[in-house]
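Please look at the sequence and the structure below.

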Amino acid sequence: MIVDKSGSPLLADENIKPDTRHGVILYVEDVSVSFDGFKALNDLNLYINDGELRCLIGANGAGKTTLMDVITGKTRPDTGKVSFGQQVDLLQLSEAEIARAGIGRKFQKPTVFEELTVFENIELSLAGDKGIWTALFHKLTGEQKDRIAEILTTIGLSKECYYPAGRLSHGQKQWLEIGMLLAAEPRVLLVDEPVAGMTGQETERTAELLTSLAGKHSVVVVEHDMAFVRSIAKQVTVLHQGSVLAEGTMSEIQSNKDVIQVYLGEEDGSDDYAKENEKSVSEKTELESKPQEQTV
Amino acid sequence: MTTSTIKTDTSMNHSNNSAPNNHLPNNKPTFVQKLSELGSLRVVIGFLLISAFYVTFCNLVFAEGSFFHVSDYTVSLFGKYLCYALLALAVDLVWGYCGILSLGHGAFFALGGYAMGMYLMRQIGDRGVYGNPDLPDFMVFLNWTELPWYWAGSSSVFWMIAMVFIGPGLLAYIFGSLAFRSRVSGVYLSIMTQAVTYALMLAFFRNEMGFGGNNGLTDFKEILGFSLQEPSTKLGLFVATAIALAIGYMVSDFIVKSKMGRVVTAIRDAESRVRFVGFKPEHYKLWIYVVSAMLAGVAGALYVPQVGIINPGEFSPLNSIEMVVWVAIGGRGTLYGALIGAVVVSYAKTRFTAIMPEAWLFALGGLFVLVTLYLPKGIAGLLPNILNKKDSENEASDTDQSKESNNTSIEKSEASS
Amino acid sequence: MLRIFSAFICCLLAWQSIANGDVTLTKTSVSTSVSNDAELATLFKKLPVTKLSKMQLLIEQLSATKTPQVKQAFNYLLNGELYYIKANKQVVHAQINEDKKYALTDVLTNTPLDVVAKSKIRKIKTNNRLRGSLRSLLAQFDLTDPNKEIRIAAVKQLLDKPNQTGIDTITKLVKKEQDTDVRELMQVTLLVEQLLNGEHEEKLAAVKQLKTSLEPSVLNEMTNQLSKIAKSTSSTPLSVEDKALKVALEKAIADIDDRKGIFEFAENLFFGVSLGSVLLLAAIGLAITFGVMGVINMAHGEMMMLGAYTTYVIQQAFPQYIEYSLLMAIPAAFLVSGLVGVGIERGVIRHLKGRPLETLLATFGISLILQQLVRSIFSPLNRQVLTPEWMSGSWQINPIFSLTFNRLYIIIFSLMVFVALLMILKKTSLGLHVRAVSQNRDMARALSIKSDWVDAITFGLGSGIAGIAGVVLSQLTNVGPNLGQAYIIDSFLVVVFGGVGNLWGTLVAAMSLGAFNKFLEPVTGSVLANIIVLVGLVLFIQKKPKGLFPQKGRSAD
């Protein structure tokens, strides 16, 4: 096992145990991120309690995905502090180390290993040693096989078990990614738009699954689908322009003046769908444009 | 270190999951499985050893002029092809499986070759033109009085074998650890590897480097006490190469079929995602890059006594690119594809350059373009198509499309990040 | 960068005008002395019949004609090779051959005549006094030549190998000399003479005045003097005078060395910038196709090669217009390479969108095909591309520092191309479309921009610029099928080093790499410098994968 960052024994990846004596598992304090002058996150403060299910909502560009990037180590903040439990400084860890420490993530756009089979996708995600030599001589134990089979049943992909993941439908990929997340047995699950592309029934199942995970795990869900948020959320945090606008239960949020003004606006429930639709379209174009943002 | 300290409840109260089900469905073999059957270890190794035996047998038993006779020249030629095949295997391991397009594998091949060349040079002893028992001819010519420090030990065969692994391995380790840690990838990495082999070529062309400069190392007399002029030595080298290739193939096969293989494939398809699963792609990439460099080094070491010379031309970027073409044409991502590619293209090169030399570059260039445009999976991708047309047609197009779109997004994000 | 560059030129100009007062333009041209052939002929006729005592007058008359024949004849006369044919009194140059016979050449027309026996000819007589005046007349000949170059050359020769007659002549001429350059050089020569043979006070004065001179022989003589003094110390104690002289000499030498150092630096910088501008030309095409479009074109080097061959073809087609060949070749090469580029884009690259590694391989295949094509058509040998006269020669700023015109033009030209390209991308609608497509293809298409067309044109533009780079390269290196290969790796490294998608980054990267290379070269030799730069770049890119000027932005996964 090669450990990059020595120094604090806390950082040897297998030994990370978040200290949650205060009931908080994730501290995000005064975090700012800017891209070329654009403040994606602006002095953001967020505390996720151990075992809680939290929903993050907010308009496009509110900083939801950037926040997840910061927590998982993909983006380094300009200022601020992010810690796992009280003492594990996530800013000192690499993406892989954060994942091993027990923070799992499902991406907005489902990313699975397309050339590998569904089974192999889950297998790679299983919790355990991720070192080279183990990988070289590793044999799946019966216990692990059972676990994979169990997860496959949970996500409803048992039949597609030996299919290359690339051949799954969009919704199935969503499920597979959730399965990969389950396999990693993380302490904290960050779930970015889990129900996009799912049928109503599947959405319901996802809602059930996420609710059942809460308690043992902390779950943070980013979702645009208000109905879905309403169905699962106990606590909702509204992000606006890179900082927290409001926090509370769904009903509190809905009656919050600021929120009504900047996010829900004058809309009522019926407009929801149209708005979402528009949003996802614009988001998509935004996504595609970014990789090639190049000025001459 | 297989237990995780982070324990979560593994049983979930889920409507669909009331009873754990550990019977995985037995699907009919898929496209991917058929591929691996065709290239199964036994088939390839068997074929390899049988053909090696056939060549040996025909060379020894049948007299010259007989229909079945395999000439010494052909034996040497096949030996060369097998070296190329081993080299192609190395390239396929990093490119086909891990997505690292190395345009500098020629450097590892050449370093292995130089390690062997140094040993062979020392074996000449006082039979050189200048008759100096300690110094190779070119050093005498340059008025050097003693061996440079890095030639120390070069007369020992064990040292030579160690250097065949250490030389290329060390270069790969240094370059790889720098490049992969700073997440240089894709085209950038390819250009970087090309720059490295180009720089090495320039360096080895200098006489001051102490590797014979322009002329390289040549005029070898014997290896392990056997004269290199003897047909039996040539045959022995051929057999040794075949065995080395078989071992190399088995090692590669073991790697790609292990969990390691699945991790590197995952890295190839979605490197950033692999990080979020908890693997460190840079370690895996580095490991497989070093292994691949060593395989290439072995190929180079076996190549040199069979062709009788090693010079800086082996470092030329064009050589490295040619290796990539073997793999592209044979079919990357399948080990046996790499073997097929190396042998077929090298054979074509031998024929072409004999008949009409000027056409070879046209053919090679054309192959590049056509294969990338119309045959992304190479010859190995064609075979299953022929074997099972109906099944593979819809499946292949399916995976192709999804893979393409996936690649696009990855490359885009790489370009931006 | 432009500003820095022009500031650099200004500095140089100011510096040299302080040093020398004027700019000397060196160009090879033929001396055009007017002569009256008839007069010359009559004077030559007199040579055999004039008595020694009257000879002095005759040679003075002869020298007044200032013709090359006279100069030659004087030289023959000094060497004892001037004869006349007894029969017709024709003045000839006679040279003895193996058979002890004499090969004759007419002095006036320089036409070879018969080979004759000694008895047929007679030597024209001279004496010591005459020889002395011949020498001084000869010295005067070049020193008073109407052509400034010849005068300078004559003085320089004297400076390197002083002789008394020459020095005397210069002493006479220095007051009359109109040209400041020549006069200064003459003064330097006299001062050196003073340093060598003058009294102590004169020596000191000479040293003081000479320390602003950059002539190599000045430094030489000073060092000689210093070592002479040092040698004498070992036997006898140093006199006060010598001590003073020694101090003065040491100071002067240090001064000269300092200034030499500055000019050596300037020279390295100039070479560096000129190498940098070649790199820039080679790389900006790539900065467009690779940086802006994101397409890897390994055949980029071959686009340059095509440009170079276009120059060759144009010179072959219009041999009478060599002077204008480059001006014709630039648009032609742009078109040829640009069209080939459009063809490649349409035929191959378009089908490999979003698969950069495959694009890399396919374009590499194309580069092999293009190389072989050129090899088949033009043969694998290097082709000779001529340099127009206006590109040759150099701008002599002072004795140790000159700028060659071809490098100077290339620097200016590459900066022009750079600015033009910047303008195209910034100001024209094509540039707008290119940037729009490169940033968001779908959106651009929705705005009815024909993205396919824009791709092809952009690629054509990048390739066309490579073609122009080829024209420039044809003036610097051998034009052969492998021309492009030598530059492709460097070009890619320049683009990556500067930061992909950033033209200014490319400029800075090219210039700094060029300068770095040229400053290393004197220390390490060119091959090692090349290797060091390559390895340094590879290491740099490991440290900063996005180059010097990275493009920032929120990255999506």
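## Nonpolar surface patch

In this predicted model, B:Ile161, B:Phe165, B:Ile166, B:Leu170, B:Tyr173, B:Ile174, B:Leu178, C:Val535 and C:Leu539 make a nonpolar surface patch of about 790 Å². Patch residues have over 30% relative accessible area and no salt bridge, and nonpolar side chains (Val, Leu, Ile, Met, Phe, Trp, Tyr) are joined within 5 Å. Accessible areas come from the Shrake-Rupley method with a 1.4 Å probe, with only the protein chains shown counting as cover for residues.

The elements giving two or more residues to this patch are α6 of chain B and α21 (526–543) of chain C. Helices here are DSSP runs (H or I, at least four residues), as are strands (E, at least two), numbered from the N terminus. The most comes from α6(B), with seven residues; B:Phe165 lies in this helix.

## Interface of chains B and C

The contact (heavy atoms within 4.5 Å) involves 47 residues of chain B and 45 residues of chain C. Between them the two chains bury about 4,000 Å², 78% of it on carbon and sulfur atoms. Buried area is the accessible area (1.4 Å probe) that two parts lose on being put together, summed over both. On the chain B side, B:Tyr188, B:Ile191 and B:Phe362 lose the most area to chain C, together 14% of what that side buries.

One salt bridge is counted between chain B and chain C. It joins C:Glu358 to B:Arg332, with the closest N and O atoms 2.4 Å apart. On the side of chain B that touches chain C, α7(B) supplies the largest share, 13 residues.

## Salt bridges in the whole structure

Over all chains there are 27 salt bridges, each a side-chain nitrogen of Lys or Arg within 4 Å of a carboxyl oxygen of Asp or Glu. One of them pairs A:Lys106 with A:Glu177, the closest N and O atoms being 3.5 Å apart. This pair links distant parts of the chain, 71 residues apart: A:Lys106 is in strand β6 (residues 103–106) of chain A and A:Glu177 in helix α6 (residues 170–183) of chain A.

## Basis of the values

Residues are numbered from 1 along each chain as its sequence is written, and chains are lettered from A and ligands numbered from 1 in the order in which they are written. Local features need pLDDT of at least 70 and side-chain atom pairs count only at pLDDT 80 or more, while totals for chains, interfaces and linings use all residues; side-chain values use heavy atoms, leaving out hydrogens and water.

Terms used
Patch = residues over 30% accessible without salt bridge, like charges linked within 9 Å, V, L, I, M, F, W, Y side chains within 5 Å.
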